[in-house]
Amino acid sequence: MDKKSIGIIGGLAGVLLMAASLFARIPWYLGAILIAASAALMWADGFAMLKAKGPLGFRERLLRMRMSGAYGVALCGEGIGAVFLLLGLAGRLLYQSKLRQFGAADNGYAFRKSLGALSGNYAVLLAIGGAFFLGALAVLLYLYFVAPAANMDQRLQKIHRKEARAAQYVAAALVVLVMIFPIYWMVISSLKSSEELLLAVPTLWPAKFQWGNYVSVLKRAPFQHYLFNTLVSTFFIMAGETILGILAAYGFAKGNFRHKNFWFLFVLGALMIPIQVTFVPTYVMVSRLNWLNSFPGLIVPNLVSAYFIFMLRQTFMAVDNSYLEAGKVDGMGRIQTITHVLCPMCLPTIITVSIITFINGWNSYFWPKMIAPLEKRRTIAVGVTLLRRTFAGMETSNYNEIMAGAVMAIIPIVLLFLVLQKYIMTGMSKAAMK
């Protein structure tokens, strides 16, 4: 067995030893020492070749580092770590100030209540900042010392590529786990009993699957009615935004009228105005039209989307005008040109924005809650919030049923994404080409 194989085995053993230190009384630095020794053994030949060919200067090493994609990621990690460390240090200073104010012996309720977000969580902030900072520093040191040695030997280059690929897979797996865990927790919480859900030590797997939670939700709330209202309103909102967005985007991209860019900037300005600003005048208008608790009240104010117009305008501008002129030669009018030329060529973007519109309409909460408070036109997002069980004016802990309702609410969105996910990246990339 050569030195490289021994080094790889020793490095893996060091990683396992550091992982075991989290669950057993094993010093973590033993694993770090084993990893450092294994790395020195594994890269001994490369460092010897690097020394024989002459040491690289600081500028040459820095140039090699900047050519690597990991260099920018490491610098970003250093910045994030520095921010968290500064916040943690500020929290530590505030904690010491509060401790002197209340006295060293008084660490009771009044002292804990006086702690803010920084002073009460300074240890967590310091730990996160230290993890980011040290991890990014390790990457920079690796690029500065190890990467030049790897470039001197083809065998080391192969090992280097395998390590980089493995690190990418591990990082991607960690990101996926962080993003999926809330959904996983929601699903398993919907299958637990109320007693198990409120345990002091949470369980990652139900002791007994409570499928009756879904039956209880269907009995306690008319989810079928909520589903029908949501489907109808979301479908017409998506259809209206699609048709009007395509026509408006065609005018801004291929039209020729005065002050076109000014009016487009005016449309973009609508993206910066939150719904809370326009809510009052829109609500008054809908109320005077007698559209409260009705489908027109849910649909009409949302028929136009500035985001939809912007995305399609950018995509339409990437289409060469020669295609439109060829359509005119064939006798097509403007509507036929849009439907037979532009839309087929920009179909991925149209589908992508339609999916986003569907998700926004399905998850809409603020406007449906205000405009349709009665059960007649209540949507599913509002209906989930009304699943809290009450007794004598007090809310009881039926979070398992609330989680079950949330799971049923997201199923259509998940299915839609799984079916049409291939269009999303294609549509986004085409919209960003212009």
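These numbered points walk through a predicted model of one protein chain.

1. Overall make-up. The chain has 434 residues, and 33% of them count as buried. Its secondary structure comprises 22 helices and two strands. Helices named below include α8, α9, α13 and α18.

2. Surface. The accessible surface of the chain is about 26,800 Å². Carbon and sulfur atoms hold 70% of that area.

3. A nonpolar patch. Five residues form a nonpolar patch on the surface: Phe133, Leu134, Leu137, Leu141 and Phe145. Together they have about 440 Å² of accessible area. Look at leucine 134, which lies in helix α8, residues 122–150. Its relative accessible area is 56%. Exposed means over 50%, so leucine 134 is exposed.

4. A positive patch. Lys158, Arg161, Lys162 and Arg165 gather on the surface as a patch of positive charge. Lysine 158 belongs to helix α9, which covers residues 154–189. With a relative accessible area of 54%, lysine 158 is exposed. The cut-off for exposed is over 50%, and lysine 158 therefore passes it.

5. Tryptophan 263. This residue sits in helix α13, residues 260–269. Is tryptophan 263 buried, exposed or partly exposed? Its relative accessible area is 41%. Buried needs under 20% and exposed needs over 50%, so tryptophan 263 is partly exposed.

6. Partners of tryptophan 263. Set aside its neighbours within four places in sequence. Tryptophan 263 is then in contact with Phe252, Phe257 and Arg258. Phenylalanine 252 is eleven residues away along the chain from tryptophan 263. The C-alpha atoms of these two residues are 8.6 Å apart.

7. Threonine 337. Helix α18, residues 334–345, contains threonine 337. Is threonine 337 buried or exposed? It counts as buried, because its relative accessibility is 3% and the cut-off is under 20%. Which residues does threonine 337 touch, not counting those up to four places away in sequence? They are Leu324, Met332 and Leu342.

8. Side by side. Leucine 134 is exposed, and lysine 158 is exposed. Tryptophan 263 is partly exposed, whereas threonine 337 is buried.

Definitions and conventions: Residues numbered from 1 in each chain as written. Predicted model: local features only at pLDDT ≥ 70, side-chain atom pairs only at ≥ 80, totals over all residues. Heavy atoms only, no water. Patch = residues over 30% accessible without salt bridge, like charges linked within 9 Å, V, L, I, M, F, W, Y side chains within 5 Å. Areas by Shrake-Rupley, 256 points an atom, 1.4 Å probe, with all protein chains shown as cover. Salt bridge = Lys/Arg side-chain N within 4 Å of Asp/Glu carboxyl O. Helix = DSSP H or I, 4+ residues; strand = E, 2+ residues; numbered from the N terminus. Buried < 20%, exposed > 50% of the residue type's maximum accessible area, 1.4 Å probe, protein only. Lys, Arg positive; Asp, Glu negative; His and termini not counted. Charge placed at Lys NZ, Arg CZ, Asp CG, Glu CD. Contact = heavy atoms within 4.5 Å.
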